[in-house]
Amino acid sequence: MKRILTGLKPTGDLTLGNYIGAIKQMTKMQDEYESYIFVADLHALTVPQNPIELKKRIRAFIAMYIACGIDPKKNTIYIQSDIEYIPSISWILECSTYYGEASRMIQFKEKSKENANFSVGLLTYPVLMAADILYADTDLVPVGIDQKQHVELARDIAIRFNKKYGEIFKVPEPLITKSGTKIKDLKDPTKKMSKSDENPAGVISLFDDIKIIRKKIMSATTDSEMNIIYDEEKKPGISNLINIVVSLTGKSINEVETMFKGKNYGEFKSYVADLVVEVIGNIQEKYNKLVNSKELDSILDEGAKKASALAYKKYQTMREKVGVVR
Ligand code: AMP
């Protein structure tokens, strides 16, 4: 079975868009691959963080992924900073990475423009990402197109290192994920529902109170017509709600249109609200049981133990090869 590895940066919120577009896809992949999933908390430090908030969010993120169906029995789940040898591996890799290579990363170029006082970590985090990937002999890294360049850097570093010191690393491949349906903002259905949106009225957070979720859906922007028909151009609001139903139930667009023939927008929205509330309600129930439980700690301890053993082994091999041993 091929090994895949996914890092989750614990920043911002988790939305219905993340659930439909990414997390649900991950729950399918866990049956096809041996999968490693970790909270990339060290990556969050490239920009300033509130320590109390960050600590809370690390636990919340991983508990929410598990509540959404990421199965601890099928996945190795851990917190990046629990794996002590990863930064050491990263350091050796940094010394095998050219400054020119790192500074050519598109994300670095863009993000360093946003704030003149950016950290060195913003430049070097793709190498930390290479360490995250390479220590575990990862075959495939599922990434959106925006992260593809970083996986390519990890490949380049692995190939260079192997050439110089022998076959130490498996050379990983990016797995460009076919993202699920794009869920749009409920208030402005021409743009993506995004966790960084300033107006929370259009964004459903997986952590939102159920009553608020219902309210947000009932006041979603639609159009002045009366028919429930899928037309992304002319009826982006209704089409978005249809997409949500299709994604959560597996019904076809046609089936949804037929179900609501002759019904009004209020009835349709009420159906969508019931559906989303049921799905997120069930997720939240699991989340609430898990987030402060010993069970979550056991899952993370077990994952950390397994990942640490691999990282330790890889680091010792690297030390030998580069000559930093007693
Ligand atoms: P982000 O939260 O933007 O970092 O995205 C994390 C993952 O969730 C990516 O795989 C996105 O494609 C997916 N995602 C985020 N927002 C949406 C959305 N509104 N609809 C569908 N997928 C989304």
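Figure 1. At 55% relative accessibility, T258 counts as exposed (buried means under 20% relative accessible area, exposed over 50%, and partly exposed in between, with a 1.4 Å probe and protein chains only). Accessible areas come from the Shrake-Rupley method with a 1.4 Å probe, and for residues only the protein chains shown count as cover. T258 lies in helix α11, residues 253-259. Helices (H or I, at least four residues) and strands (E, at least two) are DSSP runs, numbered from the N terminus. T258 and I106 are 152 residues apart along the chain, and their C-alpha atoms are separated by 46 Å. The model is predicted: local features need pLDDT of at least 70, side-chain atom pairs count only at pLDDT 80 or more, and totals for chains, interfaces and linings use all residues. Residues are numbered from 1 along each chain as its sequence is written, and side-chain values use heavy atoms, with hydrogens and water left out.

**Figure 2. The whole chain.** The chain has 13 helices and five strands. Its radius of gyration is 22 Å, close to the 20 Å that the globule rule gives for 326 residues, so the chain is as compact as a globular protein of that length. The radius of gyration is taken over C-alpha atoms, and the globule rule is 2.2 Å times the number of residues to the power 0.38. Along its principal axes, the C-alpha trace spans about 80 × 45 × 40 Å. Of the 326 residues, 48% count as buried.

**Figure 3. The salt bridge between E101 and R160.** The closest N and O atoms of E101 and R160 are 2.4 Å apart, and the two residues form a salt bridge (a side-chain nitrogen of Lys or Arg within 4 Å of a carboxyl oxygen of Asp or Glu). This pair links distant parts of the chain, with E101 in helix α5 (residues 99-103) and R160 in helix α8 (residues 148-165), 59 residues apart. E101 counts as buried at 9% relative accessibility, whereas R160 is partly exposed, with a relative accessible area of 24%. By the salt-bridge rule the count comes to 14.

Figure 4. R155 forms a salt bridge with E173, and their closest N and O atoms are 3.5 Å apart. The pair links distant parts of the chain: R155 is in helix α8 and E173 in strand β5, 18 residues apart. R155 counts as partly exposed at 22% relative accessibility, and E173 is partly exposed with a relative accessible area of 41%. The side chains of K148 and E152 also meet in a salt bridge, at 3.1 Å from N to O. Both K148 and E152 lie in helix α8, four residues apart, which is about one turn of the helix. K148 is partly exposed, with a relative accessible area of 30%, and E152 counts as partly exposed at 32% relative accessibility.

**Figure 5. A salt-bridge network.** R3, E34 and K306 are linked in a network of salt bridges.

**Figure 6. Charged surface patches.** K9, K111, K182, K192 and K195 gather in a patch of positive charge on the surface. One of them, K192, is in the loop between β5 (173-176) and α9 (210-218). D82, E84, D301 and E302 form a negative surface patch. Among them, E302 is in helix α13, residues 294-322, and is exposed, with a relative accessible area of 61%. Patches are made of residues with over 30% relative accessible area and no salt bridge; like charges are joined within 9 Å, and nonpolar side chains (Val, Leu, Ile, Met, Phe, Trp, Tyr) within 5 Å. Lys and Arg count as positive and Asp and Glu as negative, while His and the chain ends are not counted. The place of a charge is taken as NZ of Lys, CZ of Arg, CG of Asp or CD of Glu.

**Figure 7. I83 in a loop.** I83 lies in the loop between β3 (75-79) and α4 (85-94). With a relative accessible area of 1%, I83 is buried. I83 and K195 are 112 residues apart in sequence and 28 Å apart in space, C-alpha to C-alpha.

**Figure 8. D137 and its backbone angle.** D137 is found in the loop between α7 (120-134) and β4 (140-143). D137 has a positive phi of about 50 degrees although it is not a glycine. This residue is partly exposed, with a relative accessible area of 26%.
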